[in-house]
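I opened this notebook to keep track of what I looked up. The entries follow the order in which I went through the model.

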Amino acid sequence: MNERLAGKVVLITGAAGGIGTAIARAVTDESATVLLCDINLEGARRLADRLTGEGRSAAAYALDISRPLEIAAVVEKIVKRHETIDVLVNNAAICPRIPLEEVTEVDFDRIVGINLKGTFFVSQAVSPLMVRQGWGRIVNLSSIGARTGGVAASSVYAATKAGIIAITKSYARTLAPSVTVNAIAPGVVDTEMMRIPSEQVAAIVDQIPLGRLADPEEIASVVVFLASEEASYFTGATLDVNGGWFMY
Ligand SMILES: NC(=O)c1ccc[n+]([C@@H]2O[C@H](COP(=O)([O-])OP(=O)(O)OC[C@H]3O[C@@H](n4cnc5c(N)ncnc54)[C@H](O)[C@@H]3O)[C@@H](O)[C@H]2O)c1
């Protein structure tokens, strides 16, 4: 075990999914306590059991990030038990594949309600704790879709991920200097979210200079960096981790 996040309490939303799980493992590799929040409580519990079975410090919480009242209740419960939250990773999101011309108002509100509203209100609930204690880190998961407008029928998703870059900047300005707020814009990562037809994946890989998808661990290591003291002068930034697919 390393010590870069020793003593820190790290809350991850969407922790039961591919990248969230890799982040959970990476932050516990750095001796943090990890709070695994997910709408999929069973998945979060299974992960917490695995991690604690390996001698790591982890706990699971049910959380639907699209519900601000539920966010407030879960944060209160967490503070009672763990006292504070030092690092927040806004990772939970959905990416339903719907061609632009078929998107309904219900689809639109659901995607925005989880991805954009969720990221905003979880940050709003957690950041006062960080400001009070004079230290905190928020890391938001954006996407290459924010840069390109989205691939594989994901226009609304892409818009939410662009919105997350703006939210990152506004929170960074508001919470400085004690709390830093940054985003990561991954390219295509090998998780459930990218279960699209293999010919579409092959066409994407053809355009990526590094010639492959990212592993979730390659995103998790950047989260650890942004959460650590090594990134003390980053705030309001979005790091593109995309194998060179899109060079900004
Ligand atoms: N996989 C990729 O190629 C890729 C690319 C760019 C960005 N990202 C971003 O990385 C993050 C993680 O993606 P992933 O590939 O691991 O996704 P995933 O679908 O594998 O996991 C997402 C997790 O979020 C949870 N979740 C969904 N709705 C929720 C809600 N309302 N409240 C709480 N939790 C909820 C799910 O239960 C799941 O555990 C997302 O923000 C995604 O947009 C992923």
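Helices (H or I, at least four residues) and strands (E, at least two) are DSSP runs, numbered from the N terminus. The model is predicted: local features need pLDDT of at least 70, side-chain atom pairs count only at pLDDT 80 or more, and totals for chains, interfaces and linings use all residues. Residues are numbered from 1 along each chain as its sequence is written.

Entry 1, helices α3 and α4.
I looked up which residues of α3 meet α4. They are Pro68, Ile71, Ala72, Val75 and Val79, and on the α4 side I found Phe121, Val122, Ala125, Val126 and Leu129. I sorted residues with Ala, Val, Leu, Ile, Met, Phe, Trp, Tyr, Cys and Pro as nonpolar, Asp, Glu, Lys and Arg as charged, and the others, Gly among them, as polar. This contact of α3 with α4 has 10 nonpolar residues, no polar and no charged ones. Helix α3 covers residues 68-82, and its axis lies 9 Å from that of α4, at an angle of about 30 degrees. Axes are lines fitted to C-alpha atoms, for helices over the stretch in contact, and angles run from 0 to 180 degrees between N-to-C directions. Angles under 35 degrees count as roughly parallel, over 145 as roughly antiparallel, 65 to 115 as roughly perpendicular and the rest as oblique. The two helices α3 and α4 are therefore roughly parallel to each other.

Entry 2, helices α4 and α6.
I noted that the axes of α4 (residues 105-133) and α6 come within 10 Å and cross at roughly 15 degrees. So α4 and α6 are also roughly parallel to each other. Among the α4 residues that meet α6 are Phe108, Ile111 and Phe120, and the α6 side includes Tyr157, Ile164 and Tyr171. I counted by class 12 nonpolar, 6 polar and 1 charged residue in the contact of α4 with α6.

In what order do the strands of the open sheet lie? I read β3-β2-β1-β4-β5-β6-β7, 7 strands with parallel pairing; two strands pair if DSSP finds at least two bridges between them. The edge strands, each pairing on one side only, are β3 (57-62) and β7 (238-241). From one strand to the next the twist averages 20 degrees. Helix α6 (residues 155-175) packs on this sheet and touches β5, β6 and β7. Strands β1 (residues 9-13) and β4 (residues 87-90) are joined by 3 bridges, and Leu11 stands opposite Leu88 in β4.

Of the 30 residues around the ligand, Gly14, Gly17, Ala93, Thr191 and Met193 come nearest. Helix α1 (residues 18-29) gives the most to this shell, with 3 residues. The shell divides into 16 nonpolar, 11 polar and 3 charged residues.

Most residues other than glycine have a negative phi, and most peptide bonds are trans. I found a cis peptide bond from Ala176 to Pro177, with omega near 5 degrees; Pro177 is in the loop between α6 and β6. Ser31 has a positive phi, near 70 degrees, and is in the loop between α1 and β2.

Notes:
Near = placed C-beta within 6 Å. Contact = placed C-beta atoms within 7 Å.
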